[in-house]
Amino acid sequence: MTTFPDIVPDLKSRMPELRGRLMANAPLKDLTWFRVGGPAQALFSPADEADLAYFLARLPAEVPVTVIGLGSNLIVRDGGVPGVVIRLGGKGFGAIAVEEGHRLRVGTAVPDVKVARAAADAAIDGLAFYRGIPGSIGGALRMNAGAHGGETTDVLIEARGVDRRGEVRVFRHSDMGFAYRHSSAPADVIFTEALFQGRPGDQAAILAEMERVTEAREAAQPIKEKTGGSTFKNPPGRKAWQLIDAAGCRGLTRGDAQVSEMHCNFLINRGSATAADIEGLGEDVRRRVYEHSGIELEWEIKRIGVEADWDGA
Ligand SMILES: Cc1cc2nc3c(=O)[nH]c(=O)nc-3n(C[C@H](O)[C@H](O)[C@H](O)COP(=O)(O)OP(=O)(O)OC[C@H]3O[C@@H](n4cnc5c(N)ncnc54)[C@H](O)[C@@H]3O)c2cc1C
C-alpha cells in the first residue's frame with residue numbers, strides 16, 4: 001500500500017490551537033461506497049467551522065486540499081490522495097434546526113436522508129426527494145443532487161463555506177451556479193451549512209411520498225452494492241443507461257468491477273475490485289458507447305487521487 005511522507009508533525013507545529021483530528025496516511029476506502037483506493041496523505045476532521053477556517057488559513061499554499069462527504073459519488077484512486085483530505089464530522093457539522101417560514105438550517109455533514117426526515121417531522125414539504133440520496137448535504141451542494149423530480153437548486157436559499165484561504169463566505173442561491181449535477185461555486189470552497197426553503201405540507205402525505213421514493217429505489221437500483229450511484233451524466237435528451245445498454249455493456253466486467261445487471265449506469269465492486277478496475281471499466285463503457293452512438297458520456301462520479309504507480313509520493 002502507498003505510504004506518503006508524514007506531513008502531520010510539520011502541520012501541527014504551525015497550528016498550535018488546532019482542535020480537530022489530523023492523521024497521517026489514513027485509509028480512505030472505508031469512507032467510500034465503492035470501498036476501494038489508497039490513503040490520504042493527511043486526513044483532517046475539523047472540530048467546527050472556526051477550526052476548519054484556522055486550519056486552512058495556516059495550511060501552506062502548496063498543500064493540495066480535497067474534501068469528501070459520505071463518499072457515495074467517489075472513486076478514490078489506488079495510490080491515495082496527496083495533500084490533505086478533509087471530512088466533516090457530525091459533531092461540528094451535524095446540526096439540523098427548523099426555522100420560521102418552513103426553513104431548515106443544516107450542517108453539511110448531515111446525511112440527505114436525515115434532512116428529508118426532519119422536514120417530514122416538521123410537516124415541511126419539498127425535501128422528500130432527499131430520502132433516496134445516500135450522500136451528505138455537502139455533497140448535495142457540490143453535486144446539485146436530486147431525484148424524483150426534485151433537486152438541491154429547487155430548495156436552497158443559501159450556503160456557507162470556507163475557502164482555501166480560511167475565509168468564511170456565504171453563497172446566495174444565485175452564487176451557486178447550479179446546473180445538472182453541478183455547482184460552479186468556487187472549487188476550493190468547503191461548504192459548512194445550508195439553508196433550505198420548504199413549504200407547508202401534510203405530514204402523512206410527505207411520509208407516503210418518502211415511502212414511494214424508497215420503494216422505487218429498491219426496485220430499480222443496486223443500493224445494497226458497493227457502488228457510486230449513477231456513473232455518467234445523462235446527455236441532453238438521452239438516458240445514459242439506455243446508451244450503455246444499447247452498446248452491449250450491461251454486465252460487462254474488468255477484474256472484479258462490473259456494470260450492474262440491474263441498472264447499467266451503476267458500476268459495482270463485486271468484492272475485490274481495485275479503483276483502477278472500476279475507473280478502467282468506466283472508460284471501457286465510454287469508449288463502447290462512443291463507438292456505438294457517437295455520444296461521449298461525461299463522468300458524474302468524481303475521481304480523486306493518484307494511480308497506484310504514481311512516483312511522486
Ligand atoms: C446507491 C446510490 C444512489 C444514488 N442516487 C443518487 C440520486 O438519485 N441523485 C443524485 O443526485 N445522486 C445520487 N447518488 C450519488 C451521490 O449520493 C450524490 O452525488 C451525493 O450528493 C454525494 O454526496 P457525498 O456526501 O457522498 O459526497 P462525496 O461522494 O463524498 O463527494 C462528492 C463531491 O462532493 C464534494 N463535497 C463533499 N462534501 C463537500 C463539502 N462539504 N463542501 C464542498 N464539496 C463537498 C466532493 O469534493 C466531491 O467532489 C447516488 C449514489 C449511490 C451510491
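In the residue classes applied here, Ala, Val, Leu, Ile, Met, Phe, Trp, Tyr, Cys and Pro count as nonpolar, Asp, Glu, Lys and Arg as charged, and the others, Gly among them, as polar. By these classes the shell around the ligand holds 17 nonpolar, 13 polar and four charged residues. The model is a predicted one, in which local features need pLDDT of at least 70 and side-chain atom pairs count only at pLDDT 80 or more, while totals for chains, interfaces and linings use all residues. Residues are numbered from 1 along each chain as its sequence is written, and side-chain values use heavy atoms, with hydrogens and water left out.

The overall fold was examined next. Nine helices and 21 strands make up the secondary structure of the protein, these being DSSP runs (helices H or I, at least four residues; strands E, at least two) numbered from the N terminus. The radius of gyration, taken over C-alpha atoms, was compared with a globule rule of 2.2 Å times the number of residues to the power 0.38. For 313 residues a compact globule would have a value near 20 Å, and the protein, at 20 Å, agrees with this. The C-alpha trace spans about 55 × 55 × 30 Å along its principal axes. Contact denotes heavy atoms within 4.5 Å; among contacts between residues at least 6 apart in sequence, 66% join residues at least 24 apart.

Accessible areas come from the Shrake-Rupley method with a 1.4 Å probe, and for residues only the protein chains shown count as cover. The protein exposes about 14,100 Å², of which carbon and sulfur atoms supply 48%. Residues are termed buried under 20% relative accessible area, exposed over 50%, and partly exposed in between (1.4 Å probe, protein chains only). Of the 313 residues, 51% count as buried.

Of the 34 residues around the ligand, V67, S72, S136, G146 and R217 come nearest. Polar contacts are pairs of N or O atoms within 3.5 Å; within protein, one must be able to donate a hydrogen and the other to accept it, and residues adjacent in sequence count only if both atoms are side-chain atoms. An oxygen atom of the ligand lies 2.7 Å from a polar backbone atom of G69, and a ligand oxygen is 2.9 Å from a polar backbone atom of L70. The side chain of S136 places an N or O atom 2.6 Å from an oxygen atom of the ligand. The ligand taken alone exposes 970 Å², and the protein buries 94% of that area. Elements giving two or more residues to the shell are β3 (65-68), α5 (137-143), β9 (146-147), β15 (190-197) and β17 (226-230). The most, five residues, come from α5.

S72 lies in the loop between β3 and β4 (74-76) and is buried, with a relative accessible area of 17%. Beyond its neighbours within four places in sequence, S72 is in contact with W33, P134, G135, G228 and G229.

Two residues other than glycine have positive phi values. N144, with phi of about 45 degrees, lies in the loop between α5 and β9 and is buried at 1% relative accessible area. H148, with phi near 50 degrees, is located in the loop between β9 and β10 (150-151) and is partly exposed, at 44% relative accessibility.

Terms used: Near = heavy atom within 4 Å.
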